[in-house]
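My interest was in how its side chains meet one another.

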Amino acid sequence: MTAPSPALLELARRYGVAAEFDDWTGHRTAVAESTLVAVLDALGVPAGTEQDRADALTAHDRQYWQRSLPPIVLGRAGQASSFWVHVTHGDPAEVTLSLEDGGVRTDLRQLENNRPPYDLGDRWIGEATFELPADLPLGYHRLRLRVGEFDAETPVVVSPATLELPTRLGQRRAWGLAVQLYSVISQNSWGTGDLTDLTDLAVWSAAEHDAGFILVNPLHAAAPAAPMEPSPYLPTSRRFGNPLYLRVEAIPEYAAVRHRGRLRGLRTAVNQRAERHPTIDRDAAWQAKRSALEQVYRVVRSAGRELAYAAYRTRQGRSLEDFAIWCALAEQYGNDWHAWPHELQHPASPAVAGFAAANPQAVDFHRWLQWLLDDQLSSAQATAVQAGMELGIMTDLAVGVDPDGADAWALQEVLTLGVTAGAPPDEFNQRGQDWSQPPWRPDRLVEQGYQPFRALVNMALRHSGGVRIDHIIGMFRLWWIPKGAAPTEGTYVRYDHDAMIGIIALEAHRAGAVVVGEDLGTVEPWVRDYLHERGLFGTSILWFESDESGGTAKPLPAERWRGYCLSSVTTHDLPPTPGYLAGEHVRLRDELGLLTRPADQELAAHCAGLDAWLDELRRVGLLGPDPDTDQIVTALYRYLGRTPSKLLALSLADAVGELRTQNQPGTSDEYPNWRIPLAGPDGRRMLLEEVFVDPRAAALADTMAAIITPADRSGM
């Protein structure tokens, strides 16, 4: 492979594109020139020839010096920081700060800056440096530059130096259920689990078993027209929710629907269909639920409810309008906006405004659905806390969105549509992963002061006591795969993690919530230290916690696990623990052709790792000779109690003895990902009502409650 030219390497460096990286084995790997050129092209930077590269470097310099202020200024509470100002060389600069609360600060001290001026062609540009004081309040402020008659402004974000734990949790530990909500079906849900089922699970686990939170899969919106994407991690929008999770009967206007018996008949029919099918049929469930929701929508709302709906629409503003219009368009033209008539492919198009004006009820119906979701999620969180949970609901923020969906349509200026995000090869996904999702375009995020990202995080925390952020490493760097290339042919692109983590910390501080970063996979060593410094939790999965000292991997002793962590035995990308013990993940990957070495070698490696963990459980006195599966599962969760981790998660699938995995990475239709209904060890579908009286579930929940000591609960 020919080495990239110095100009290409410099251009890649300036735009945060990695020209080499360390793979999961620690081997230093060079990135192909074709990959660098393709990724830079996706960033709007021509780099195919040496002349292109020289021109792009010059344009980058000029762009920097033409700006009067940085596109965003970052600060941390209690720490002074600095920012630059560009003015015509020799001109005096007046800088003030307008605070979020209405106050104004003029005490921004100028610091020494000896950088020589830059020749812009028509004038020389000088650079001055000013200090952002350490005593600024948290919040979103505005920096103003005045030079004579010239004014310029830029946003300032002051975030917590460290995100403090919510008062309700304090220094205590807590355990919670990890739930794939769509799989948890009750007698009164409509073919899939819903927010009332989530509420009932929260109450059961809190009131009966002292749970402090319930971690739920992403509740992000799916496209309204069939086929509905089953993966909660490939949503049409992360800013809005999936109405499939609504409980129709919990809507206040339901009581005024005439002929409610017909609606109950729809529910009965879809549940009977669900009982006959081995997998979850979201399309059938949504068709029935939507029909019922349309009847409820026609009920006249009370004056108070109408005021509440109007207030919600005002709060959500243009983003809600765009989403609702996209949904109405998708119902008419299909879920892929790239295939719509050209004049409808951008939200600012006059044709889109004309469509909305001509179809007001179709658009309003989707606005109304989001209001209902907001209302029911708020109620679920309030009930969870009232039942005794310190945190309540912990939501899950997916790493990206469907490239054909609502967010990609509405946010196409800040998403990179010429590449997809994914992951390089690692131990468990040896061919790498292509998530088919457009990543944030870092330069455009900066230009917009991170407003789209801020709105996303705010929505994720609006009715929760915490948020799990999938692949939080993507706030630091993300694996970009050029269009048409294999996952192995990508490279990393860097983001401004200080800005993104700072905004997350500020939004979580205001919400009184914890943030859990899923920091598994290939991670630069310093990243976990940085997350801990900023007060964000990491993630530990027992099977991945190993001690590699001495050249042989072995289980990491419990006392050496991280404290600021959400720890669990398994994850949704592996089989539930009973299935993992049986080597189900090896069998499945072999069957699907996902292994890069013979199955017998893979199984031997799995058995060796499993034996090491069984030996560790025996070493600490948690397991006797000849244990059965239930005893091993219980011992593994009791082992979590030996760690210093503050948050511990019990998979509901483990609690009931489920064997089947919910998701096999690297597949789409080859395996029914995200369509497996909750079942017991015999494979029979298990209703939520059965979970509440299941001895195995109660015993494992009690195990979790027992390892949260009285001192944990009292905060001593």
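The entries below record what I looked up, topic by topic.

**Entry 1: the model.** I noted at the start that this is a predicted model.

**Entry 2: aromatic pairs.** I asked how many aromatic pairs the count comes to. The count comes to 24 aromatic pairs. I then looked up the rings of Phe-240 and Phe-323, whose centres are 4.9 Å apart and whose planes stand at 25 degrees. Planes under 30 degrees apart count as stacked, so this pair is stacked. I also looked up where the two residues lie: Phe-240 is in strand 15 (residues 237–241) and Phe-323 is in helix 7 (residues 303–333). The two are 83 residues apart, and the pair links distant parts of the chain. I checked the accessibility of each residue. Phe-240 has a relative accessible area of 3%, and Phe-323 has a relative accessibility of 3%. Buried means under 20%, so Phe-240 is buried and Phe-323 counts as buried.

I turned next to Trp-613 and Tyr-639, whose ring centres are 5.5 Å apart, with the planes at 85 degrees. Planes over 60 degrees apart count as edge-to-face, so that is the label for this pair. Trp-613 belongs to helix 17 (residues 599–619) and Tyr-639 to helix 18 (residues 629–640), so the pair ties together parts that are 26 residues apart in sequence. I recorded both Trp-613 and Tyr-639 as buried.

I found one aromatic cluster formed by Tyr-64, Trp-65, Trp-84 and Tyr-118.

**Entry 3: charges over rings.** Which residue lies over the face of Tyr-140? I found Arg-454 there, at 3.4 Å from the ring centre. I noted a further case in Arg-282, which lies over the face of Tyr-182 at 4.6 Å from the ring centre.

**Entry 4: nonpolar cores.** I recalled that nonpolar side chains tend to be buried together in soluble globular proteins. The largest nonpolar core here has 184 residues. I asked which of its residues touch the most other members. They are Trp-175, Leu-293, Trp-368, Trp-440, Phe-453, Trp-543 and Leu-652. Helix 7 gives the most to this core, with 11 residues. Helix 7 is also where I had placed Phe-323.

Leaving aside neighbours within four places in sequence, I found Leu-652 in contact with Leu-177, Ala-178, Val-179, Val-184, Leu-201, Leu-678 and Val-691.

**Entry 5: salt bridges.** I recalled that side chains of opposite charge can pair when their charged atoms come close. The structure holds 51 salt bridges, and I looked up several.

In the first entry of my list, Glu-20 is joined to Arg-28, with the closest N and O atoms 3.2 Å apart. Glu-20 has 42% relative accessibility and counts as partly exposed; Arg-28, at 45%, is partly exposed.

Glu-131 forms a salt bridge with Arg-109, the closest N and O atoms being 3.2 Å apart. Glu-131 lies in strand 9 (residues 124–132), and Arg-109 lies in the loop between strand 6 (104–105) and strand 7 (110–111), so the pair ties together parts that are 22 residues apart in sequence. Arg-109 has a relative accessible area of 49% and is partly exposed.

Are Arg-247 and Asp-197 buried or exposed? Their side chains meet in a salt bridge at 3.0 Å, N to O. Arg-247 sits in the loop between strand 15 and helix 5 (260–276), and Asp-197 sits in helix 4 (residues 195–209), so the pair ties together parts that are 50 residues apart in sequence. I recorded both Arg-247 and Asp-197 as buried.

I also found a network of salt bridges that links Glu-10, Arg-13, Arg-14 and Asp-61.

**Entry 6: two single residues.** I looked up His-572 in the loop between strand 26 (565–568) and helix 15 (577–581). With a relative accessible area of 15%, His-572 is buried. Leaving aside neighbours within four places in sequence, its contacts include Gln-180, Tyr-233, Arg-468 and Trp-674.

Gln-631 is placed in helix 18. At 44% relative accessibility, Gln-631 counts as partly exposed. Beyond neighbours within four places in sequence, I found Gln-631 in contact with Leu-623 and Asp-626.

Conventions
Residues numbered from 1 in each chain as written. Predicted model: local features only at pLDDT ≥ 70, side-chain atom pairs only at ≥ 80, totals over all residues. Heavy atoms only, no water. Phe/Tyr/Trp six-rings, centres within 6.5 Å; stacked < 30°, edge-to-face > 60°. Helix = DSSP H or I, 4+ residues; strand = E, 2+ residues; numbered from the N terminus. Buried < 20%, exposed > 50% of the residue type's maximum accessible area, 1.4 Å probe, protein only. Lys NZ or Arg CZ within 6 Å of the ring centre and 35° of its normal. Contact = heavy atoms within 4.5 Å. Core = buried A, V, L, I, M, F, W, Y, C linked by side-chain atoms within 4.5 Å. Salt bridge = Lys/Arg side-chain N within 4 Å of Asp/Glu carboxyl O.
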